Amino acid sequence: MSDAYKAAYEREKIARLAAEKLLDEKSREVQSSIEMIHYQFNDLMSQKKESDYLLAVSRLTQTDQGLKKSVHDYTTESMKFLNAKCSRYSYISDGKIVISNLIGSDDQLPKLGLNVYQDIYKKDDRSTVMISELNSPELLGVSMVLGINRVVFLPIKSFGKVNTVCEIYLSEGVDFKPEVLDQCQVAGFQISAMLERSADQKELEKSYQEIKLSHDKIKQAQAQLVQSEKMASLGQLAAGVAHEINNPIGFVTSNFSTLKEYSHVLAEYFSHAVQLAEQSDNEISSVMKKMDEKENFKFLFSDIKNIMDDCDDGLLRVKEIVANLKSFARSDEEVTGEFKINQCIENTIKVVWNELKYKARLHKDFDENDCSVKGHEGQIGQVIMNMLVNAAQAMEADGDIYIQTRAQDGFVRITIRDTAKGMPQSVMDKIFDPFYTTKGVNEGTGLGLSISHGIIEKHGGNVSVESEEGVGTCFIINLPIAD
Ligand SMILES: Nc1ncnc2c1ncn2[C@@H]1O[C@H](COP(=O)(O)OP(=O)(O)OP(=O)(O)O)[C@@H](O)[C@H]1O
Ligand SMILES: [Mg+2]
């Protein structure tokens, strides 16, 4: 080998060694970059997993899907996040486990006692415990078969109290950084906040309903007060009017009946006198004939009779109105005595039967137990009578009246339903007002229902009405049963 060739070979060798060294250095650099990228990739993946987990839990707290579904989903998400084999959640209420659900395992892991949870949460809010430390030989047996060695306990608190415990069971070999439990805890806080929010809302809704209910009650009580004050003052007025009219009507009636007798006598006298005048032919008879031609005594006396009969009807009507006014005033009196309600209704039906029989078919359905009611039988009879007569009077053609009694919760409910013409709301609003009537002059005083209302209230009961035009009306009376 020539010297020149040797020198060239040496240069070549040095250059190759330098190149190899450089290559070695570069490949080490590339290797460490790959490792770095790999590490960063893993880190990124675990960060993504964490944020996916938190996002999933946060989503489920946005929808109002109730405690059970939220806890179930939270447990499932946490189980996925920790790569666990199976999990369970249990609700705790009044110091007891009320529901316990297992997720992700067909095998029944034995349940843990409340004391286990309590021991754990005394120490920490979240913990990973080896199953071998749990003092549950049964669980230890099953977990060994399933290859489970640890359990993560995640509590859900509401207003400072643990109300749910999630147990996440981890297989041997599954590893995670302890910091990931912080994410589970944050997610648990979100569930707790959601539960508190929904409890607050429920509480708010409950209070709103309570306030609304008491507001309605106050309004009703106010309306009743106004109604009973109206009735009381009208009662006084009615009593005064009845008293004032009673005396003059008394002597008008008595004088009128004397006048009627006198008019009969005079009519008879004149008819004889006229007959005599027709038969004789003297000055008196000619004067009488002339007067008779002029005045027509026959017509006069027959007309006097008609007028008197009309006045009689009018007087009778005024007497009835006065009697009604008195009874209206009397509904204010104290209630004493006791009577059987079915019997009272039967007696009333007998009295009004003549008014009903041509217009309505009556259907009776009485409670087997004829219960006793405290009060005036006559007054309650008057109420029933007015309602039956009203029903019959509201019939345009013939129809049905159903009368029913039922004893319930210390009250007897009397229902009087008809298939008559019914009434519009505008009429229904006024029917209990004194003197309100839709009947013609001389047909109704409009006192029937206002008197009835007063009587029922005085007996400690209540009355309500339902009606539909063209269908019928139903009066419902509730009276307290005597003890
Ligand atoms: N069953 C019913 N069907 C339809 N309307 C009724 C019925 N009961 C009552 N009413 C209506 O209520 C009004 C008031 O009844 P209420 O008994 O107070 O007086 P009234 O019957 O008109 O007169 P009175 O009772 O003096 O004869 C009636 O005029 C009628 O318009
Ligand atoms: Mg009436």
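In the predicted model, the axes of helix H1 (residues 3-62) and helix H2 (residues 66-81) come within 10 Å and cross at roughly 175 degrees. Because angles over 145 degrees count as roughly antiparallel, H1 is described as roughly antiparallel to H2. On the H1 side, the contact is formed by Lys49, Glu50, Tyr53, Ala56, Val57 and Leu60. These residues meet Ser70, Asp73, Tyr74, Glu77, Ser78, Lys80 and Phe81 of H2. By residue class, the contact of H1 with H2 comprises six nonpolar, two polar and five charged residues.

Several secondary-structure elements each supply at least two lining residues: helices H7 (297-330), H8 (341-356), H9 (377-393) and H11 (448-458), together with strands S10 (411-418) and S12 (472-480). Among these contributors, H9 gives the most to the lining of the largest pocket, with nine residues. In composition, the lining of the largest pocket divides into 20 nonpolar, 14 polar and seven charged residues.

Definitions and conventions:
Residues are numbered from 1 along each chain as its sequence is written. Chains are lettered from A and ligands numbered from 1 in the order in which they are written. This is a predicted model: local features need pLDDT of at least 70, side-chain atom pairs count only at pLDDT 80 or more; totals for chains, interfaces and linings use all residues. Side-chain values use heavy atoms; hydrogens and water are left out. Helices (H or I, at least four residues) and strands (E, at least two) are DSSP runs, numbered from the N terminus. Ala, Val, Leu, Ile, Met, Phe, Trp, Tyr, Cys and Pro count as nonpolar, Asp, Glu, Lys and Arg as charged, and the others, Gly among them, as polar. Axes are lines fitted to C-alpha atoms, for helices over the stretch in contact, and angles run from 0 to 180 degrees between N-to-C directions. Angles under 35 degrees count as roughly parallel, over 145 as roughly antiparallel, 65 to 115 as roughly perpendicular and the rest as oblique. Contact means heavy atoms within 4.5 Å.
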